[in-house]
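Biologist: I would like to learn how to read a structure that is new to me, one feature at a time. Could we go through it together, with the general idea before each case?

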Amino acid sequence: MSNIPSELKYTSSHEWIRPEGDNEYTIGITEHAQELLGDMVFVDLPDVGDEVNAGDDTAVAESVKAASDVYSPLTGEVVAINEELEDSPELVNSDPFGDGWLFRIRISDEAELANLLDGEGYQAVIDDE
């Protein structure tokens, strides 16, 4: 069973969301998602300043098995990217909820937070797969 930290929010497409304050949220892919993908070889991140909408394919995680789109769970502006992943994409595998984060956005619509799953809801998504 995958690790699902209860303090985070999730999407059914396997992204996690962590509040950072000031309407900023860090986004990454879940432990379950990186296990399905396998060893990361490249991560294509958005540019700082990009405007993204909830549901937009915003990044790409490429592994030895496949390339997978990463969707923005919220609408807003990209304010930071994890530049460490350029040289060390394997951080997504070794620490998906920590050093393997992908990007941070400043959201523009707090109402979208209601669409996110809690840990139990995300576990149900995994169980249904």
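Biologist: Let me begin with a single side chain: is E20 buried, partly exposed or exposed?

Modeller: The general idea is a cut-off on relative accessible area, where buried means under 20%, exposed means over 50%, and partly exposed lies in between, computed with a 1.4 Å probe and protein chains only. E20 counts as partly exposed because its relative accessibility is 36%. Before we go on, please note that this is a predicted model, in which local features need pLDDT of at least 70 and side-chain atom pairs count only at pLDDT 80 or more, while totals for chains, interfaces and linings use all residues. Residues are numbered from 1 along each chain as its sequence is written, and side-chain values use heavy atoms, with hydrogens and water left out.

Biologist: With which residue does E20 form a salt bridge?

Modeller: A salt bridge here is a side-chain nitrogen of Lys or Arg within 4 Å of a carboxyl oxygen of Asp or Glu. The partner of E20 is R18, and their closest N and O atoms are 2.8 Å apart. R18 is partly exposed, because its relative accessible area is 24%.

Biologist: How many salt bridges does a search of the whole structure find?

Modeller: The search finds two, and one of them joins E24 to R106, with the closest N and O atoms 2.6 Å apart. This pair links distant parts of the chain, since E24 sits in strand β3 (residues 24-29) and R106 in strand β9 (residues 103-107), 82 residues apart. E24 counts as buried because its relative accessibility is 18%, whereas R106, at 38%, is partly exposed.

Biologist: You speak of strands; in what order do they lie in the open sheet?

Modeller: Strands are DSSP runs of E with at least two residues, and helices are DSSP runs of H or I with at least four residues, both numbered from the N terminus. Strands of a sheet pair through backbone hydrogen bonds, either parallel or antiparallel, and two strands are taken as paired if DSSP finds at least two bridges between them. In this model the open sheet has six strands in the order β1-β2-β3-β9-β8-β5, with antiparallel pairing. Its edge strands are β1 and β5 (51-52), each of which pairs on one side only.

Biologist: Which strand pairs with β6, and over how many bridges?

Modeller: Strand β6 (residues 57-63) pairs with strand β7 (residues 67-71) in the antiparallel sense, over five bridges. Within this pair, V60 has D69 as its bridge partner in β7, and the hairpin that joins the two strands runs through three residues. The loop between β6 and β7 holds V64, which counts as exposed because its relative accessibility is 60%.

Biologist: Which residues gather in the patch of negative charge?

Modeller: In counting charge, Lys and Arg are positive and Asp and Glu negative, while His and the chain ends are not counted; the charge is placed at NZ of Lys, CZ of Arg, CG of Asp or CD of Glu. The negative patch on the surface gathers E83, E84, E86, D87 and D99. Of these, D87 is found in helix α2 (residues 84-87), and D87 is exposed because its relative accessible area is 69%.

Biologist: Finally, what is the phi of D22?

Modeller: Most residues other than glycine have a negative phi, and most peptide bonds are trans. D22, although not a glycine, has a positive phi of about 55°, and N23 has a positive phi of about 60°. D22 is found in the loop between β2 and β3, and N23 has its place in the loop between β2 and β3 as well. D22 is exposed because its relative accessible area is 72%, whereas N23, at 31%, is partly exposed.

Definitions and conventions:
Patches are made of residues with over 30% relative accessible area and no salt bridge: like charges are joined within 9 Å, nonpolar side chains (Val, Leu, Ile, Met, Phe, Trp, Tyr) within 5 Å. Accessible areas come from the Shrake-Rupley method with a 1.4 Å probe; for residues, only the protein chains shown count as cover.
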